[in-house]
Amino acid sequence: MKDVLIYIIQSLVEFPDQVTVTESEKDGEIVFEVRVAQSDMGKIIGRQGRIAKAIRTLMKAAASRENARVNVVIAE
């Protein structure tokens, strides 16, 4: 799942080499922390958070196939 998230994020940003995704587990939930270049933050979040919401929806759909719970956090 982490590879899918990295692919999605790198496809959206201007500086794909600065994308980092950290995976951790908290209360039975997989938490992905995404960090991108400061100039790419708007591209990941989108207007009114629409792109961020779409990314979270895609990851939850991928996680449901594996019977897992996922949360995507966009760190500043």
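Which backbone oxygen does the side chain of R56 reach? The legends below describe close-up views of a predicted model.

View 1. R56 lies in helix α3, which spans residues 50-65. Its side chain reaches the backbone oxygen of V72 at 2.8 Å. Leaving aside residues up to four places away in sequence, R56 touches V72 and I74. With a relative accessibility of 30%, R56 counts as partly exposed. The C-alpha atoms of R56 and I44 are 11 Å apart, and these residues are separated by 12 positions along the chain.

**View 2. The salt bridge between E14 and K43.** The structure contains four salt bridges. In the one formed by E14 and K43, the closest N and O atoms are 3.2 Å apart. This pair links distant parts of the chain, 29 residues apart: E14 sits in the loop between α1 (2-12) and β1 (20-26), and K43 belongs to helix α2 (residues 41-45). E14 is exposed, at 52% relative accessibility, whereas K43 is partly exposed, at 34%. A network of salt bridges links E14, D40 and K43.

**View 3. The salt bridge between R69 and E29.** The closest N and O atoms of R69 and E29 are 3.7 Å apart. The pair joins distant parts of the chain, with R69 in strand β3 (residues 69-74) and E29 in strand β2 (residues 29-35), 40 residues apart.

**View 4. The salt bridge between R35 and E33.** The side chains of R35 and E33 meet at 2.7 Å, N to O. R35 is partly exposed at 38% relative accessibility, and E33 is likewise partly exposed, at 28%.

Terms used: Residues are numbered from 1 along each chain as its sequence is written. This is a predicted model: local features need pLDDT of at least 70, side-chain atom pairs count only at pLDDT 80 or more; totals for chains, interfaces and linings use all residues. Side-chain values use heavy atoms; hydrogens and water are left out. Helices (H or I, at least four residues) and strands (E, at least two) are DSSP runs, numbered from the N terminus. Buried means under 20% relative accessible area, exposed over 50%, partly exposed in between (1.4 Å probe, protein chains only). Contact means heavy atoms within 4.5 Å. A polar contact is a pair of N or O atoms within 3.5 Å; within protein, one must be able to donate a hydrogen and the other to accept it, and residues adjacent in sequence count only if both atoms are side-chain atoms.
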